[in-house]
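The following report is meant for a reader who is meeting this structure for the first time.

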Amino acid sequence: MGYVAIKGGEKAIDGAAEALEALRAGGPVSGSEPLSLNAIEHQLRLLTSRIMSEGGLYHPQLAALAIKQMQGDTLEAGFALRAYRSTKPRLLETPPQDTGNMRLIRRISSAFRDIPGGQMLGPTHDYALRLMRFELAEESPEPFRKMASTFLKNAPEESLPDSFPKVLDALRSERLLPPKAEHRNPAFDITRDPLIFPVSRSAALATMARAETGSMLAIAYSNMRGYGDIHPTVAELRVGYLPVMLPHPVTGELTEAGEVLMTECEVIAMYEPDDTESARGAAPEFTLGYGACFGHNETKAISMAILDRALQKGMRDGPENPSEDPEFVLMHIDGVDSMGFANHYKMPHYVTFQSDMDRLRSTREKYQARGETPQEETHES
Amino acid sequence: MKPILDVKGLTRIHGTECPSCLDMTGPEHNTNVCPACGSVVAAANVSFSLQPGEILGIMGESGSGKSTVVKTLYFDQAPSRGSAIFRDDDQSHELFNLNGAEQRWLRNHRFGMVYQNPNLGLNFGISAGGNIAERLLMNDLNHYGDIRRRASELLTRTDVMVSRMDESPKQFSGGMQQRVQIAKALATRPPLLYLDEVTTGLDLSVQARILDLILEIQHELGTAMIVVTHDLGVIRLLASRTLVMKYGRVIESGLTDQILEDPQQAYTQQLVASTL
Amino acid sequence: MNPDYRLPHSQDSYGFGFLDEFAKREIRRVILKAISIPGYQTPYASREMPMGRGFGTGGLQLTLSMIGPDDTLKVIDQGSDDSVNAVNLRKFAELTCPEVSTTESTTEASLIQTRHRVPEIPLREDQVLNLQVPYPDPLVIVEPSEAKRKIMHGEGDYARLLTKLYEDLVKFDEITISHRYPTRINGHYVIDPSPIPRYDVPGLHQSRALLLFGAGREKKIYAVPPYTNAEPLVFDDVPFRTESFYTADGQRRACDRCGSIDSFLDELNLDDGSKAWQCSDTDYCNRQLARTEAGEATQ
């Protein structure tokens with residue numbers, strides 16, 4: 001018999017890193033230039049948005065670096081951001097922020113034709129034709145830069161509104177929606193406390209806010225298609241910059257510390273019978289679903305709002321569909337967890353497979369001892 | 001002898017419940033839905049006692065609340081109010097004051113339940129013997145050979161062929177599924193058994209054999225039982241005393257013979273007349 | 001964003017043990033709780049580590065939150081110090097815990113992180129074994145809801161798990177659980193001992209070393225404290241059986257490298273179509289080989 005080497009892991013890992021690095025540089029034939037973080041952050045802004053939101057860290061430059069380093073793999077890039085964040089202590093907590101103060105670049109409502117402040121389509125692909133624009137294949141730098149710099153140049157300052165009233169406030173004043181809760185429990189911090197089911201709505205919202213877009217879309221879509229019945233109307237979807245207010249370290253006064261680009265979606269769903277104690281004798285009202293995430297990511301915000309509404313129903317009445325089951329939804333939408341585990345199957349499993357073979361062999365021996373031959377051996381070949 | 005079970009004022013209301021719920025529902029109002037708040041009064045002020053070894057019948061149409069009574073006693077549902085004292089040897093338990101763990105312990109060790117729908121009482125993913133094994137394992141019987149023996153004894157006793165013990169009950173006929181449920185319920189020799197419409201939907205000859213089996217078990221083991229049914233024939237054969245329920249209320253109760261020979265309430269008279 | 005902001009230029013910003021100190025303190029608190037309630041799956045806010053979930057992030061958080069400059073660390077995967085994942089984790093520990101020494105020797109290590117194996121050489125009281133756990137809950141095969149499983153664990157209700165063993169015996173005349181064998185700790189909680197082979201389960205019983213289990217993705221930590229009972233779940237009349245390394249004619253297979261006949265063996269398929277058998281624990285194999293060679297030399 002031959003001796004099988006049990007050394008070599010270290011060398012293999014180093015080799016793999018080298019090969020990966022060579023391909024990051026485009027490989028021997030591409031003649032690529034290195035990507036600048038500036039180009040990634042600003043030109044691949046939707047990708048950067050997605051990485052910040054799934055990575056749970058608002059840091060456009062680090063997100064751009066992660067995209068570059070991970071060669072465009074969104075799951076890996078979000079993961080790198082998360083791992084970086086594990087090394088940082090939590091220094092401060094903000095009080096709840098008011099998204100009514102957002103400096104908007106886009107806001108729409110599909111519930112009303114006109115809304116206070118007006119509809120603002122803003123930068124969206126919604127009505128763009130998905131035709132390949134071949135002229136972009138060879139773009140020269142001058143018109144490219146000019147496009148960016150002249151936009152809004154001739155628009156008068158006063159025609160650019162700062163913030164807009166929220167659509168839901170109008171419905172609240174008509175009492176078609178429940179009033180805002182007076183008392184708020186402190187927000188659940190999923191980075192500091194484990195989810196122990198049943199969980200609060202705050203914990204569910206936090207988990208969804210940094211969930212993987214595609215996973216959340218899939219479960220939300222199951223609800224839209226019939227494994228659930230939320231039938232939402234988008235009361236308002238807004239994209240813009242939210243001023244982050246922090247207590248001043250000395251005076252304690254709320255002070256603007258910066259701003260973050262966010263997408264927020266509020267959906268309205270139909271009223272329904274409510275058997276709970278607190279609802280006793282109350283008039284029926286519309287119900288709400290809420291979604292919000294870092295960056296510009298409308299698919300994620302809408303999916304989250306629908307799932308929030310579905311989960312509230314499941315938390316109250318017990319889940320009737322996967323999308324209403326908090327444990328099912330919240331344990332299966334984290335990209336870092338699911339991607340890591342799917343990939344771990346590539347690791348050595350020699351020992352466990354040895355155990356599996358042992359069980360199968362013993363079981364087959366018993367079959368044979370009883371005079372029964374396992375089926376595949378009786379086939380004529 | 002003290003009753004094994006004393007139930008007082010057992011009430012179960014689905015919905016928001018308002019002060020009018022009890023006043024505006026019941027047989028005299030011909031509804032169990034409260035007109036003021038829309039709540040459903042499934043059972044209201046049900047009281048009775050059960051002697052050790054006795055079979056009590058609860059008769060009524062669907063929606064009368066008869067199943068609600070056994071489901072609350074078996075902890076499938078929580079009552080809105082009421083009390084139930086279960087006397088087990090020299091211990092007595094106030095069923096609705098027990099915590100979840102104590103309730104599950106009684107359910108697994110001292111009560112047995114046979115549902116109309118065998119899906120509720122049996123796990124179709126495992127064998128008939130496995131269903132019985134599970135209940136024996138809950139009772140700390142941990143010897144594979146003993147479990148096999150006891151399971152086959154129980155199946156033999158309930159007339160299920162032992163040769164089919166290792167098959168899923170999914171493949172069994174309705175009557176046989178009920179026999180497996182009965183075997184499973186009896187596995188721990190419980191002093192109290194609940195039977196919810198166990199023969200409904202079965203062929204007459206199958207029904208008769210299951211009812212015989214239930215009587216034999218009562219004679220052999222002295223198990224007290226509550227038999228819920230809409231079938232007067234079942235009541236006549238099994239129950240020594242009977243409650244008649246309508247719209248969540250007990251409208252008549254007494255010795256079964258007396259109720260069947262001389263029903264006092266118009267509704268009971270109608271029930272008895274329709275089957276004679 | 002502040003226009004003057006610049007990203008850091010190196011990885012100097014990573015502190016000792018990678019995790020921030022608040023996180024380490026929380027994990028140490030959870031470890032203490034886990035030791036106090038042997039076998040109880042203690043939830044914790046598992047942090048993201050720079051390697052994939054499933055690659056040992058749970059075991060690594062245990063290791064990094066308890067390691068100090070005086071420790072000697074050994075990392076194994078499949079029993080081997082040189083398997084790719086073991087190398088990777090050890091390199092990471094060396095990078096982020098600069099003063100810590102690492103070793104491939106089971107007896108020299110104060111802290112051992114492992115995946116899928118318990119070392120063959122019995123551990124001592126001054127050693128800690130951190131096992132990497134993919135699935136912490138043995139009840140998951142009979143109950144998908146974690147909320148319900150918590151109640152079952154609390155009440156020590158393992159009847160459905162035992163029913164699964166009963167069904168195995170009915171169908172196959174064998175318990176088919178190959179690894180991750182459910183094991184009852186201190187007479188109450190049943191744990192998933194991580195994907196170690198059944199061969200390693202008896203070694204958990206009355207272990208002199210503290211055994212810690214970390215599930216990073218599922219966010220649980222549990223412990224088998226020293227000198228604690230660890231009993232595989234079986235029937236009174238069906239003995240627990242470990243993997244057999246006997247040939248058809250009843251001969252115990254030996255390691256083709258060191259000749260040992262008392263270790264867990266890897267089955268290797270060679271290029272010429274034949275099979276070879278070799279110790280899965282490389283440190284043990286090297287020791288046996290050294291001993292044999294020394295014996296030969298003195299003769």
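Is Arg189(B) buried or exposed? With 12 other C-beta atoms within 10 Å, Arg189(B) is exposed, because a residue counts as exposed when 12 or fewer such atoms surround its own. As the model is a predicted one, this and every other value in the report describes the prediction.

**Backbone features**

Arg189(B) sits in the loop between helix H6 (174-186) and strand S7 (192-196) of chain B, and its phi is near 50°, a positive value in a residue other than glycine. Most residues other than glycine have a negative phi, and most peptide bonds are trans. In chain A, Gln71(A) likewise is not a glycine and has a positive phi, of about 55°. The loop that holds Gln71(A) runs between helix H5 (60-69) and H6 of chain A, and Gln71(A) counts as exposed because it has 12 C-beta neighbours inside 10 Å.

Chain A also contains a cis peptide bond, which joins Phe197(A) to Pro198(A) with omega at about 0°. Pro198(A) belongs to the loop between helix H8 (167-173) and helix H9 (201-209) of chain A.

**Paired strands in chain A**

Strand S2 (residues 233-247) of chain A is joined by five bridges to strand S1 (residues 103-108) of chain A, and the two run antiparallel. Within this pairing, Leu104(A) stands opposite Gly240(A) in S2(A). S2(A) also pairs with strand S3 (residues 254-269) of chain A, again in the antiparallel sense, over 14 bridges, and here Leu242(A) faces Val260(A) in S3(A). The hairpin formed by S2(A) and S3(A) has six residues between the strands, and in this hairpin Gly252(A) takes a positive phi near 80°.

**Domains of chains A and C**

The domain assignment divides chain A into domain 1 (34-91) and domain 2 (99-124 + 158-339), while for chain C it gives domain 1 (21-232) and domain 2 (244-298).

| Chain | Domains | Distance between centres |
|---|---|---|
| Chain A | domain 1 and domain 2 | 23 Å |
| Chain C | domain 1 and domain 2 | 27 Å |

How many residues does each domain of chain A bring to the contact between them? Domain 1 of chain A and domain 2 of chain A each contribute 15 residues. On the side of domain 1 of chain A that touches domain 2 of chain A, helix H4 (45-55) and helix H6 (74-85) of chain A each supply at least two residues, and the largest share, eight residues, comes from H4(A). By class, that side of domain 1 of chain A is made up of five nonpolar, five polar and five charged residues.

In chain C, whose domain 1 covers 21-232 and whose domain 2 covers 244-298, the contact takes 14 residues from domain 1 of chain C and seven residues from domain 2 of chain C. The side of domain 1 of chain C that touches domain 2 of chain C has four nonpolar, five polar and five charged residues.

**Chain C as a whole**

Chain C has six helices and 12 strands. Its radius of gyration is 21 Å, close to the 19 Å that the globule rule gives for 299 residues, so chain C is as compact as a globular protein of that length. Taken along the principal axes, the C-alpha atoms of chain C fill a box of roughly 75 × 60 × 40 Å. Of the 299 residues of chain C, 50% count as buried. Where contacts in chain C link residues at least 6 apart in sequence, 61% of them join residues at least 24 apart.

**Chain B and its contact with chain C**

Chain C meets chain B through 13 residues of chain C, which are in contact with 16 residues of chain B. On the side of chain C that touches chain B, seven residues are nonpolar, one is polar and five are charged.

For chain B, the unreviewed UniProt entry places the feature "domain: ABC transporter" at residues 28-272. Over residues 28-272 of chain B, the chain is 40% helix and 23% strand, and the end C-alpha atoms are 20 Å apart.

Methods:
Residues are numbered from 1 along each chain as its sequence is written. Chains are lettered from A and ligands numbered from 1 in the order in which they are written. This is a predicted model: local features need pLDDT of at least 70, side-chain atom pairs count only at pLDDT 80 or more; totals for chains, interfaces and linings use all residues. Domain bounds come from an automatic or database domain assignment. Two residues are in contact if their C-beta atoms, placed from the backbone, lie within 7 Å. Ala, Val, Leu, Ile, Met, Phe, Trp, Tyr, Cys and Pro count as nonpolar, Asp, Glu, Lys and Arg as charged, and the others, Gly among them, as polar. Two strands pair if DSSP finds at least two bridges between them. Helices (H or I, at least four residues) and strands (E, at least two) are DSSP runs, numbered from the N terminus. UniProt positions are given in the numbering used here, feature names are shortened, and annotations may be inferred rather than shown by experiment. The radius of gyration is taken over C-alpha atoms; the globule rule is 2.2 Å times the number of residues to the power 0.38. A residue is buried if 20 or more other C-beta atoms lie within 10 Å of its own, exposed if 12 or fewer, and partly exposed in between; C-beta atoms are placed from the backbone.
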